[in-house]
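Subject: Handing over a structure, with notes on what was found

Dear colleague,

I am passing a structure on to you, and below it you will find my notes, arranged so that they can be read with the structure open beside them.

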Amino acid sequence: MHLFRETFLLFSLNLLDAILTIIWVRNGVATEGNHLMARLLDSGDFTFLSAKIAIGTITALVILRWGNRRLARYGLTVALAVYISLMGIHVMTGLTALGYISKTAFSDLQSLTDGLLAVFI
């Protein structure tokens with residue numbers, strides 16, 4: 001099946017992002033940057049996680065169905081780049097929460113990455 005591994009990776013990163021977001025937010029380490037998803041998270045962890053899984057599933061189905069098109073392959077590449085960058089932010093958040101990185105250094109880095117992610121989203 002074409003693009004199955006890449007699509008599975010994207011879905012897995014989406015799920016990992018959801019789980020880490022719940023952990024960071026519930027422990028007071030970070031806030032959800034997406035206002036819509038923040039409202040879902042305020043409604044409850046299950047609501048937030050269900051929405052993330054639904055979005056990931058729909059995305060995966062669309063990519064698997066139309067993955068032979070150039071736009072789908074390009075979109076998948078961009079989405080993977082964004083999610084891999086987001087995983088870097090999660091790692092930095094964890095290191096900051098554990099005290100390995102100062103909060104001011106992390107906030108400077110987060111401002112930079114938020115600006116870069118805003119270009120893609």
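A residue is called buried here when its relative accessible area is under 20%, exposed when that area is over 50%, and partly exposed in between. Please keep in mind throughout that this is a predicted model.

The overall picture

The secondary structure of the chain comes to five helices and zero strands, and from the N terminus on the elements run α-α-α-α-α. Of the 121 residues in the chain, 31% are buried. Among the contacts with a separation of 6 or more, 65% are between residues 24 or more positions apart. The accessible surface of the chain comes to about 8,100 Å², and carbon and sulfur atoms account for 68% of that surface.

Helix H1 and what covers it

Helix H1 has 23 residues and reaches 33 Å from its first C-alpha to its last, which is close to the 33 Å expected at 1.5 Å a residue. Its buried residues include Leu-10, Leu-13, Asp-17, Leu-20, Ile-22 and Trp-24, and what covers the buried residues of H1 includes helix H2 (35-43), H3 and helix H4 (70-97). Just after H1, Gly-28 takes a positive phi of about 75°.

The aromatic pair

The structure holds one aromatic pair, formed by Phe-4 and Phe-8, whose rings are stacked at 6.2 Å centre to centre with 15° between the planes. Both residues lie in helix H1 (residues 4-26), four residues apart, which is about one turn of the helix. An α-helix has 3.6 residues a turn, so residues three or four places apart point the same way. Phe-4 counts as partly exposed because its relative accessibility is 42%, a value that lies between the two cut-offs of 20% and 50%.

The salt bridges

A search of the whole structure finds two salt bridges. In one of them, Asp-17 pairs with Lys-52, and the closest N and O atoms are 2.8 Å apart.

Asp-45 forms a salt bridge with Arg-26, with the closest N and O atoms 2.7 Å apart. This pair, too, links distant parts of the chain, with Asp-45 in helix H3 and Arg-26 in helix H1, 19 residues apart. Asp-45 is partly exposed, with a relative accessible area of 32%, and Arg-26 is partly exposed, with a relative accessible area of 42%.

A nonpolar patch on the surface

Val-91, Leu-95, Leu-98 and Tyr-100 make a nonpolar surface patch of about 450 Å². Of these residues, Tyr-100 is found in the loop between H4 and helix H5 (103-120), and Tyr-100 is exposed because its relative accessible area is 65%.

Conventions:
Residues are numbered from 1 along each chain as its sequence is written. This is a predicted model: local features need pLDDT of at least 70, side-chain atom pairs count only at pLDDT 80 or more; totals for chains, interfaces and linings use all residues. Side-chain values use heavy atoms; hydrogens and water are left out. Rings of Phe, Tyr and Trp (its six-membered ring) pair if their centres lie within 6.5 Å; planes under 30 degrees apart count as stacked, over 60 as edge-to-face and the rest as tilted. Helices (H or I, at least four residues) and strands (E, at least two) are DSSP runs, numbered from the N terminus. Buried means under 20% relative accessible area, exposed over 50%, partly exposed in between (1.4 Å probe, protein chains only). A salt bridge is a side-chain nitrogen of Lys or Arg within 4 Å of a carboxyl oxygen of Asp or Glu. The expected span of a helix is 1.5 Å times one less than its number of residues. Contact means heavy atoms within 4.5 Å. Patches are made of residues with over 30% relative accessible area and no salt bridge: like charges are joined within 9 Å, nonpolar side chains (Val, Leu, Ile, Met, Phe, Trp, Tyr) within 5 Å. Accessible areas come from the Shrake-Rupley method with a 1.4 Å probe; for residues, only the protein chains shown count as cover.
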